[in-house]
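I opened the model and kept short notes. The entries follow the order in which I looked things up.

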Amino acid sequence: MFPYSHIQNMDSERKESKRVCVIGAGPSGIVVARELRREGQEVVVLEQNHDIGGQWLYDPNVEEEDDPLGRNPWLKVHSSIYQSLRLMSPREVMGFTDFPFSVKKGRDPRRFPSHREFLLYLKDFCEWFKVTEMIKFNTKVLYVGPLNYGVSTQDLKWLVRSKEKESNKEVEQVFDAVVVATGHYSKPRLPCIQGMEKWRRKQMHSHVYRSPEPFRGEIVVVVGNSFSGQEISMELVKVVKELHLSSKSLEIYDGLSKVISKYENFHLRPQIDNLREDGSVTFTDGSCIIADTILYCTGYEYSFPFLDTKGMVVVDDNRVGPLYEHTFPPSLAPSLSLVGIPRKILGLPFFESQGKWIAQLLSGKKVLPSYEEMMKSIDDFYHSKEAAAIPKRHTHEIGDFEYCDKYGENVGFPKLEEWRKELCVSSVVNYFVNLETCRDSWYDDEKLQEALKSPYFTQLQDPSL
C-alpha cells in the first residue's frame, strides 16, 4: 500500500498535467510534441495531411486551375516544395540536437540531399521518439479560440474545432493550451503591379510550381530574385524560349552572374512597371516584352485563418504580434504559443528550444516575465528595428546565431556548436559564389571532417541511423 501522502502527491502531479493541442505535424510541431510529452503533458497533434512533414510532405497536386496565385486563405495544398528541390544547407547542420541527420543505407547519401530524404529523416525522428502515436492525421483545424475569455492566463481554456477528412465530421474539443505550428511557407505574398488584374495570360505563384516541363518553349518572367527565384530560374532556363528574371536590384552576386552569362536566353530585368491585356510586360527601364507566363517568387505571408484571439494576435504587414521572443502573446501566454515564426535561422535546433521553453512553462518549471515586462521587451525590439530602418515585414528575420543561443538560455538549451555555425556560413558563401554547383562542390572539407568526429554524430547507438 502507498502511504496516503504519496497518493496526494500523485494526485497533485496528475493535476499538473495539461491537455495540449499542437496544430501541425511539420518539423516544429513534432519536436514541440516530444518536449511537451517529456514534461508530462497530454498531447494531441492535429495534422491536416495524411502524414507528417508539413512543408516537406511533397504534394504534386496543386490548385493551379482555380487559384494559381494562392489568394484563398484556406489553401487546398500546404506544401510549396517543387519536384527537384534539394536542401540549401548541408545535412550536418540540419538535425535536431539529439538526433543527427546522418546518411542511411539505401537512401540519398548526398550532403545536400533531396526534399524526400529530409522528410524521411523527420519520419525517422517520429519513429525513434514515438511521436506518431500522438498525431491525428487527416484532421483540418477550422477554429481555435479562448473558451473562457477574461479569466487569468493560467485558467484559460481553448476551444478547438476540427474536421475529419474521411467523414467530413466536425469535432469540438477543449484544451488547456494550444501550440500553433503551421509553418510560414504556404500563403503566397504577392506584389502590387499596375495592370496585374487585367493581364490575361498565365500568372502563378511559386507555391504551385512543381516542374519546368509545362513551360517548355514559353517566354517566362520570374518576379523575385530571392533563393526560390534563382533556383526556379535555373530550372526553367533549360526549357523555356526566354527567361526574364525581374529583380529589385540589378547588383547581383557572382553565382547568379555566372549562370546568366552561361545561357543566352537568361535575361536580368529591373522591376515591372506595368502589365497590359495584350500580354506585354513593361519594366521600369522602359524595356518591354510579350510574355506567356509570369511566375511570382515573392515569398510568403504568415496566415492563421483558424485563430481567433479577439484581436490580441494580429498579422500586420507580415509582422505577427505582439509576440514575446517571437513565440508568446503576452495577453494569452503560456496557454497559447506560436512556434516556427522566425526566419533565417537554423530551424530545427531553434524549434527544439522553443518546445522546451513552452513545455517547461506549462509544467510550471519556468515562469514568463510579467505582461508589462514582455510588452516593454516587444516595444524595445520594434523600436530597434525601426531605428535600423528594417521594414516591418522583416520583423521575424533573425539571421543571428547569437539570438538563437540567447533564446536557448531561457531553458538551459546548449549553444549551437561552432562547427555547425561555420558549416552553415561556408555553405551560404559557396551559394553566392557558385550558385549552380554549390550543392555538389564545396570548400569546407576540413571543417566537415572535424564536425563528423564530434560526439554529436556518435550519440545514437542504432547503426541504421
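Predicted model: local features only at pLDDT ≥ 70, side-chain atom pairs only at ≥ 80, totals over all residues.

**Entry 1: backbone at two asparagines.** I started at N138, which lies in the loop between β3 (135-136) and β4 (139-146). Phi of N138 is near 55°, a positive value in a residue other than glycine. At 22% relative accessibility, N138 counts as partly exposed. My classes are buried under 20% relative accessible area, exposed over 50%, and partly exposed in between, with a 1.4 Å probe and protein chains only.

I then went to N318, in the loop between β18 (314-316) and β19. N318 counts as buried, at 5% relative accessibility.

**Entry 2: provenance.** Residues are numbered from 1 along each chain as its sequence is written, and side-chain values use heavy atoms, with hydrogens and water left out.

**Entry 3: cis peptides.** I looked up omega next. The peptide bond from G321 to P322 is cis, with omega near -5°. The bond from A333 to P334 is cis as well, with omega near 5°. P322 sits in the loop between β19 (319-321) and β20 (336-338). P334 is found in the loop between β19 and β20 too.

**Entry 4: the chain as a whole.** I counted eleven helices and 20 strands in the chain. What radius of gyration would a compact globule of 465 residues have? The rule gives a value near 23 Å, and the chain has 24 Å, which agrees. That radius is taken over C-alpha atoms, and the rule is 2.2 Å times the number of residues to the power 0.38. Along the principal axes, the C-alpha atoms fill a box of roughly 85 × 50 × 50 Å.

Buried residues make up 54% of the 465 residues. The chain exposes about 21800 Å², and carbon and sulfur atoms supply 51% of that area. Areas come from the Shrake-Rupley method with a 1.4 Å probe; for residues, only the protein chains shown count as cover. I also checked contacts (heavy atoms within 4.5 Å). Among those between residues at least 6 apart in sequence, 67% join residues at least 24 apart.

**Entry 5: nonpolar cores.** I define a core as buried Ala, Val, Leu, Ile, Met, Phe, Trp, Tyr and Cys residues joined through side-chain atoms within 4.5 Å. Which residues touch the most other members of the largest core? They are L36 and L236, out of 92 residues. Helix α7 (residues 347-363) gives this core its largest share, eight residues. Leaving out residues up to four places away in sequence, L36 touches V20, V22, Q41, V43, V179, I358, A359 and L362. A second, separate core has 24 residues, among them L46, V144, V180 and L332.

**Entry 6: helix α4.** I compared length with expectation. Helix α4 (residues 115-128) has 14 residues and should span 20 Å at 1.5 Å a residue; its end C-alpha atoms are 20 Å apart, which agrees. The expected span is 1.5 Å times one less than the number of residues. Is α4 enclosed or open? Ten of its 14 residues are buried, so α4 is largely enclosed by the rest of the structure. The buried set includes H115, F118, D124 and C126. Their cover includes α2 (27-38), α3 (91-94) and α7. Just after α4, K130 takes a positive phi of about 55°.

**Entry 7: S206.** S206 is in the loop between β9 (202-205) and β10 (219-223). It is buried, with a relative accessible area of 4%. Beyond its neighbours within four places in sequence, S206 is in contact with S80, I232, L295, Y296, C297 and Y300.

**Entry 8: cysteines.** I searched for disulfides (cysteine sulfur pairs within 2.5 Å). The structure holds zero. For C192, the nearest cysteine sulfur, that of C297, is 17 Å away. C192 counts as exposed, at 82% relative accessibility. For C438, the nearest cysteine sulfur belongs to C424, 13 Å away. C438 is buried, with a relative accessible area of 5%.

Notes: Helix = DSSP H or I, 4+ residues; strand = E, 2+ residues; numbered from the N terminus.
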